[in-house]
Amino acid sequence: PSLLLLLTLTKLTNCFLFSPRQEIMKWNGWGYSDSKFLFNKKGQAEFTGKRYRLSGMTLPSLQDWFENTFGASVKHKSPPVLNASVVPPPRLNEAFVENLKATGIPFSNEAEDRVFRAHGHCLHEIFALREGKKFERVPDMVVWPNCHNDVVKIVELACKHNVCLIPYGGGTSVTSALECPPEETRCIVSLDTSQMNRILWLDENNLVAHVEAGIIGQDLERLLNESGYCTGHEPDSMEFSSLGGWVATRASGMKKNVYGNIEDLVIHIKAVTPRGVIEKSCQGPRTSTGPDIHHFILGSEGTLGVVTEVTMKIRPIPEYQKYGSVVFPKFEAGVACLREVAKQRCAPASIRLMDNKQFHFGHALKPQVSSIFTHFVEGLKKFYITKLKGFDPHQLVVATLLFEGDRERVLQHEKQVYDIAATFGGLAAGEDNGQRGYLLTFVIAYLRDLGMDYCVVAESFETSVPWDRVLDLCQNVKERIIRECKERGVQFQPLTSCRVTQTYDSGACIYFYFAFNYRGLADPVHTYEQVEHAAREEILANGGSLSHHHGVGKLRKEWMKDSISNVGVGMLKSVKEYVDPENIFGNRNLL
Amino acid sequence: HPHQATQMSNYCLNILVFVTLQQRDPMLKRDCFEDILEERRNSSDLKYALRCYAPVLYKGVTPCKANMLKNIVLQSDQLHYVINQVSQESGEAPDIIQEEASVILEEMAHRLQISTVRCFAFALSKAFKTLFQHVCVNEEGIQRLQQAIQEHPVVLLPSHRSYMDFLLMSYILYTYDLALPVIAAGMDFMGMKFVGEMLRMSGAFFIRRSFGGDKLYWAVFSEYVKTMLRNGFAPIEFFLEGTRSRTCKSLTPKLGLLNIVIEPFFKGEVFDVNLVPVSISYERILEESLYARELLGVPKPKESTSGLLKARRILSEDYGSIHVYFGQPVSVRSLAQGKVNRSTYNLFPRHIPRKPMEETQSFVNDTAYRIVRLQEDNMVLKPWVLMASLLLQNLEGLELSVLTEQTVWLRGLALSYAAFLDWPAPTAKVVSSSLALHRGLACVSGDRVSLVVGEPLGPVTPEEALFNRAVSVLSCASYRNQVLHVFLRPAMLAVAMLHLSDEVYNCFSFLWDMFSNDFILCPGDTVQDFEEACYLLVKTGAVQMPQQDIVMTDIGQPTLSFFNGLLEPFLQGYQVVCRYLCEEASEGLTEKQYIPAVRSFAVKLILAGNLRCYEVLSSDMQKNALAALLRMDAVRKVKNRMISHINQTPISPSLSLVAVAEDLYRDGLTPSYIR
């Protein structure tokens, strides 16, 4: 069967259409062009397209929630400017172009292709695109290598002609990592890995797959599923982010409790650097051969080279999956419960705790109820929780759960977790609530585009922190944001919301949403950036890390020295110095 | 052009100083006062005591029962850690230590009860109306406080001049329907069985005066305070000065409790802590002559209920009015911005007690000084304070008309130095009513105003006469001391100019250093204070600063000589101490022997007619002088024994303590004495 599989997998590539994704995706917002939120003529929100569970549905409570939360009004529109931004002319390195032509590797210097790869999804980037503002610097050309050897050739040519390379995977960076350094005077070439999207082989004896690093998360998962396997690595961006990007930023998946984070999943990495190719000589599950060289590449954020191929652990698709949710009277109780679950090491594949604001947010996304009966049941549930159990609707929080495994074990596991929850005052609140919680993470970025249509800017950021500081950090960061907004003249109460998204033995990952109505502000993006900066300082002062999985990019460079010490920075510098002395991989992330 | 450049820089300096003055002193714009007794005189006290009391709390927390609070403390990780540590060190079972902790907490904890507070509200209304003419409060400050209480944990930091202070504070907060504070009180109150319990039920918690190395006690105590702060159950109140100031000068702040209440901010347990300086000024202090006697070595009477009953006779006297000024809340977060890196707390478990880092220590120290200065700034000064300053420079007495005239002059000077004066009527009237209120201290006979010396019955020895005179001088000095913070910096400059006109800054800096136990001089602020002094003297025309010189002007003569007279007692006091240490002190002098020995040395000098300064007899001054000499390494302590080596202490290449002391020597003491 494995041979057959190999054949079906390799015929996928389309050599003539280099950027099929570019065609079906928005150029100035998140995700697919056909999927977006809008307020229809009746004033009801709906989600267009057919791709998601919410697609084609109307969401009757979203408008109220939106207007009440932000003091926004559907009358105050701020639609994107539709003329594409002015693109600076390419600075081409003729000799490089000549040599590249000779290799037959496809490339382009069309303005559209270049701008598409000049940014990630930071607020300021998307805002600039919507406003039709000019990017100071964009890549001068784009190349589409088809395999590892193509990459080797490109890197050799780049070194020979002193051309700057910026690897580009899924383009979902939120750290300004894809931004071209404005001071870069050399020709900048965006190295788009999207054509390297094959599973090269699959080894069922050792449960590993060897995959090209340009593959997008959902494709990888779909292809593996066809043969009965999965990686289980599901970052929230998995629809669009690439394997190489995960490695380069130390990504984390929702189900890491079962499958591990990217660094646990990776068995072997092949990467091309200006010094040559780096890889290990075996696929032993663990080695003691000095510091793990994988860890120079994991999190290198495109500063050392391009990841071309990765051998990754795979698992058989779980027999049974079950969502669940637990309502707690207060955030404190929820955190205590998650801590206990982590202590007993019985965390389900995913366990997340949403704060009260996010709980209401989730509820605002409930589609229109089709029958009176469902309506009645919903009302009854609400009555039970708020009236009979005495939960304050403005305090209660919900934990969403996802269990995986064989049916019996899942049910057993479920009971164990619900029993622990009960000791912290938690009440089981059904599968539906749980599933909706996870849905929120996939549509949140679409919702940001909706907000931006109505003068609301929004962003998310994350950190990791020891257990005993979780509550204080959440509270202080929220308060800092509110205070900073006030001091900077934001005229409406900002939305600050957080959730605990990952649990570890000694701490947790916390994810913040932050949004505000910017009407009356001269430069909303600048204000936003100042507040986010202050929020990050607050996180660091409260024992949080610089990043749990988004990375550093250029957005958080200034704190690297404090985060990893001078010697630490020196070590990274010396690696860069050896591997890439000419700074060919010149995106200037991290250091 | 160099000349222009200096002028320019002088000009810039002035602007800079002015700006910093304004920053330090937001009180250039001060709130108005409201007399809270007025309503009490017009409506029922009983109704007032029984009225609905529903204060707003920190972020709407539900009030916490005293017992619940104790449980939280006893179950905290912080306390468990120390209990286990102590148990390992002592070999006792953790249960026993836990029991010990519980006993300590029982002894310490408050048991705030609204019924007791109502009793106090009733009784105090009656008492205040008899004792005082007015109790004035700045209502804007109350509003600010109310706002602050809802937003962040609040720490109330009142000045401490009288036992009355904390009753008064609670009384005011009750009157304005604000959350009642929990108050750190010294254990000595517990001596008064009944009263102690009453105070406990009105929100006081009791701490031992000294518990040096007692880890367990410290852990229980600090966790108790922090728990209250973190949860915002009630504002925490304590006295930065640690004890009542017997001299009415602000005392050097104590840092223990301040450290405790600030730490939760550094550890990220609270978003911010608001420190609210409160200045309580009494027109006449209840403990007036008691303090003077205490300073002269008559021991402080032990707190006892019967003593309190005996003190009833004070109820028949008039103590004028009280002004309570609630200052601007000071945000610890804003203060610490850029000074303390909170992330240094990330690498150590928060529940394990740890000595504060150097950075933190100096921050807390700075903060403490800053708060005490804010207290000083908002102290309301009564006309008598100025009159006392003048009378003390004219011990033989003054014509009433001269006194009035000089008071008017001094008022103008004080106002231009931003003093917070309360001047309820035209000066002549104010002078006579002040003299009436303080008739125990000053009397008018014919046209002359002079200090009253209480004449005991029967024959009087010279020592007794001296003692009586000292009591009235020290009582009077406690009023003069209230204005010192306004004049201190320019006065030190004036003294420096008089004695060492070519090295004014060095001399100023020497005085600054020497007096930093006696006055509130923020560590490291020498230059800033010098600039402030220059600025103020130039502003009032007392000096001119052509180029880099400082020159006295003709019109500045009275100001400068007044300033000299103002600091004279302190200069003399320090000289006498130096003289004693050089001439008389034996090698084995212990700290315990020191005060009585200096006192009898000074008594001898006075009786012999060689010294006319009575303030030297104050134990406060003697202690401060010794502390200064120790700090400046003129004297060293060797196993509790003092070794003086004043003669060898170099201050700067051209200055030595001896040289300066010589120069400062006047009034019948010849310079050769100290050599």
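Me: Let's start with chain B: what share of its contacts between residues at least 6 apart in sequence join residues at least 24 apart?

Reply: Among those contacts in chain B, 77% join residues at least 24 apart, where contact means heavy atoms within 4.5 Å. Before we go on, please note that this is a predicted model, in which local features need pLDDT of at least 70 and side-chain atom pairs count only at pLDDT 80 or more, while totals for chains, interfaces and linings use all residues. Residues are numbered from 1 along each chain as its sequence is written, chains are lettered from A and ligands numbered from 1 in the order in which they are written, and side-chain values use heavy atoms, with hydrogens and water left out.

Me: How many helices and strands does chain B have, and what percentage of its residues count as buried?

Reply: Chain B has 26 helices and 18 strands; these are DSSP runs numbered from the N terminus, with helices (H or I) of at least four residues and strands (E) of at least two. Of its 675 residues, 56% count as buried. Buried means under 20% relative accessible area, exposed means over 50%, and partly exposed is in between (1.4 Å probe, protein chains only).

Me: Now for the rings. How many aromatic pairs are there over all chains?

Reply: A pair of aromatic rings is described by the distance of the centres and the angle of the planes. Rings of Phe, Tyr and Trp (its six-membered ring) pair if their centres lie within 6.5 Å; planes under 30 degrees apart are stacked, over 60 edge-to-face, and the rest tilted. The whole structure holds 45 such pairs. One of them joins Tyr325(B) and Phe420(B), edge-to-face, with 5.5 Å centre to centre and 85° between the planes. Tyr325(B) belongs to strand β8 (residues 321–326) and Phe420(B) to the loop between α18 (400–416) and α19 (427–437), so the pair ties together parts of chain B that are 95 residues apart in sequence. Both Tyr325(B) and Phe420(B) are buried.

Me: How do I read two packed helices?

Reply: Two packed helices are described by the angle between their axes and the distance between the axes. Take α6 (residues 123–131) and α17 (residues 431–453) of chain A: their axes come within 12 Å and cross at roughly 50°. The axes are lines fitted to C-alpha atoms, for helices over the stretch in contact, with angles from 0 to 180 degrees between N-to-C directions. That makes α6(A) oblique to α17(A), because angles under 35 degrees count as roughly parallel, over 145 as roughly antiparallel, 65 to 115 as roughly perpendicular and the rest as oblique. Where they meet, Leu123(A), Ile126(A), Phe127(A) and Arg130(A) of α6(A) face Arg448(A), Asp449(A), Met452(A) and Asp453(A) of α17(A) in contact.
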